[in-house]
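Work through these exercises with the model open beside you. Try each task before you read its solution.

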Amino acid sequence: MIEFRSVTKTYPDGTVAVADFDLVVPPHRTTVLVGSSGSGKTTLLRMINRMVEPTSGTIEIDGTSVLDRDPVQLRRSIGYVLQNGGLLPHQRVIDNVTTVLRLTGTPKRAARERALEVLDVVGLDRSLAERYPSQLSGGQQQRVGVARALAADPNILLMDEPFGAVDPIVRAELQTETLRLQQELNKTVVFVTHDVDEAFLLGDQVVILQEGAHVAQIGSPSEIIENPASEFVASFIGVERGTRALHTKRTDRGTVLVDTAGRTQGVLVEGTA
Ligand SMILES: Nc1ncnc2c1ncn2[C@@H]1O[C@H](COP(=O)(O)OP(=O)(O)OP(=O)(O)O)[C@@H](O)[C@H]1O
Ligand SMILES: [Mg+2]
């Protein structure tokens with residue numbers, strides 16, 4: 001479990017990126033932080049692994065303040081997928097993936113074996129291991145980023161808009177893969193995005209943020225869609241748009257559900273979900 005208590009981050013130029021933030025991140029679940037650009041998402045994520053230090057407040061992992069942990073050791077124990085992949089361009093895929101393992105003293109052969117295993121886990125062919133990042137597609141690079149974060153088998157995985165730079169089709173593929181991975185691996189995942197649909201697809205718990213990381217609402221996707229806490233949330237998640245505002249339409253074969261663009265999205269089945 002990760003717990004933020006009254007966390008504030010003021011950058012040296014006076015920008016208050018995070019103001020008095022509280023959150024409990026339950027273990028073995030995916031928590032998604034969603035908010036527009038500049039709302040403080042990356043700052044929140046980086047305070048978990050101490051790449052950014054809070055100005056005040058505490059962040060605890062399983063009851064121990066991160067400030068009481070050695071920052072280097074802490075960082076190596078937490079998987080981190082960066083906003084733009086963050087692969088080292090002059091190192092082969094295999095060396096990118098083994099970085100943390102090598103730093104923590106895993107012998108070369110064992111590190112290599114583990115890296116190949118983890119390429120399997122993220123659905124990359126082992127033959128790509130000898131390539132450089134620039135010789136991969138955008139989606140493949142993102143998978144390498146995930147493989148690198150998973151290599152040391154961390155309990156916690158931080159993902160900062162990992163699919164922001166890829167086209168919508170690849171993005172959908174990577175989202176599905178992420179759901180599959182999470183079912184298999186059961187990590188505590190903190191996932192950052194500004195895409196509400198991605199948040200609702202991947203999140204067990206979704207945190208909607210406004211400027212200064214002010215929490216507009218926190219809950220499961222169903223709770224938020226069924227009961228938006230404010231006009232801001234309703235408008236941010238688009239309750240009146242697209243597939244979130246379905247109308248019923250009678251047809252000869254029964255009742256179907258139609259979105260705001262007039263497209264039929266499904267069939268109404270009576271009974272409880
Ligand atoms: N090193 C820094 N120095 C000063 N201000 C910063 C620094 N890093 C971030 N900020 C500011 O803090 C606020 C939050 O930034 P942050 O990067 O956490 O937002 P974000 O939600 O991740 O945005 P995005 O969706 O664009 O990645 C912004 O106003 C940003 O300009
Ligand atoms: Mg960011």
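**Exercise 1. A pair within one helix**

How many residues apart are Arg114 and Glu117 in helix α4 (residues 108-121)?

Solution.
- Step 1. Arg114 and Glu117 are 3 residues apart in helix α4, which means about one helical turn separates them. Helices here are DSSP runs of H or I with at least four residues, strands are runs of E with at least two, and both are numbered from the N terminus.
- Step 2. Arg114 and Glu117 form a salt bridge, with 3.3 Å between the closest N and O atoms. A salt bridge needs a side-chain nitrogen of Lys or Arg within 4 Å of a carboxyl oxygen of Asp or Glu.
- Step 3. Arg114 is partly exposed at 22% relative accessibility. Glu117 is partly exposed too, at 37%. Buried means under 20% relative accessible area, exposed means over 50%, and partly exposed lies in between (1.4 Å probe, protein chains only).

Before going on, note the ground rules. This is a predicted model: local features need pLDDT of at least 70, side-chain atom pairs count only at pLDDT 80 or more, and totals for chains, interfaces and linings use all residues. Residues are numbered from 1 along each chain as its sequence is written, chains are lettered from A and ligands numbered from 1 in the order written, and side-chain values use heavy atoms, without hydrogens and water.

**Exercise 2. A salt bridge between separate parts**

Find the parts of the chain that Arg171 and Asp195 tie together.

Solution.
- Step 1. Arg171 and Asp195 meet through their side chains in a salt bridge of 3.6 Å, N to O.
- Step 2. Arg171 sits in helix α6 (residues 168-185), and Asp195 in the loop between β8 (188-193) and α7 (196-202), so the pair ties together parts 24 residues apart in sequence.
- Step 3. Arg171 is buried, at 15% relative accessible area. Asp195 is partly exposed, at 22%.
- Step 4. Now take the total: the structure holds 14 salt bridges. Arg143, Glu173, Glu177, Arg180 and Glu184 are linked in a network of them.

**Exercise 3. Aromatic pairs**

Which kind of pair do Phe4 and Phe21 form, stacked or edge-to-face?

Solution.
- Step 1. Count first: there are 3 aromatic pairs. Rings of Phe, Tyr and Trp (its six-membered ring) pair if their centres lie within 6.5 Å; planes under 30 degrees apart count as stacked, over 60 as edge-to-face and the rest as tilted.
- Step 2. Phe4 and Phe21 are edge-to-face, with 5.1 Å from centre to centre and 90° between the planes.
- Step 3. Phe4 is in strand β1 (residues 2-10) and Phe21 in strand β2 (residues 16-25), so this pair links distant parts of the chain, 17 residues apart.
- Step 4. Both Phe4 and Phe21 are buried.
- Step 5. The rings of Phe232 and Phe236 have centres 5.7 Å apart and planes at 15°, so they are stacked. These two are 4 residues apart in helix α9 (residues 231-237), about one helical turn.

**Exercise 4. The ligand shell**

Which residues come nearest to ligand 1?

Solution.
- Step 1. Ser37, Gly38, Lys41, Thr42 and Thr43 come nearest, out of 14 residues around ligand 1. A residue counts as near if one of its heavy atoms lies within 4 Å.
- Step 2. Sort the shell by element: helix α1 (residues 41-48) gives the largest share, 3 residues.
- Step 3. A polar side-chain atom of Lys41 is 2.8 Å from an oxygen atom of ligand 1.

Methods:
Polar contact = N/O pair within 3.5 Å; in protein donor to acceptor, adjacent residues only side chain to side chain.
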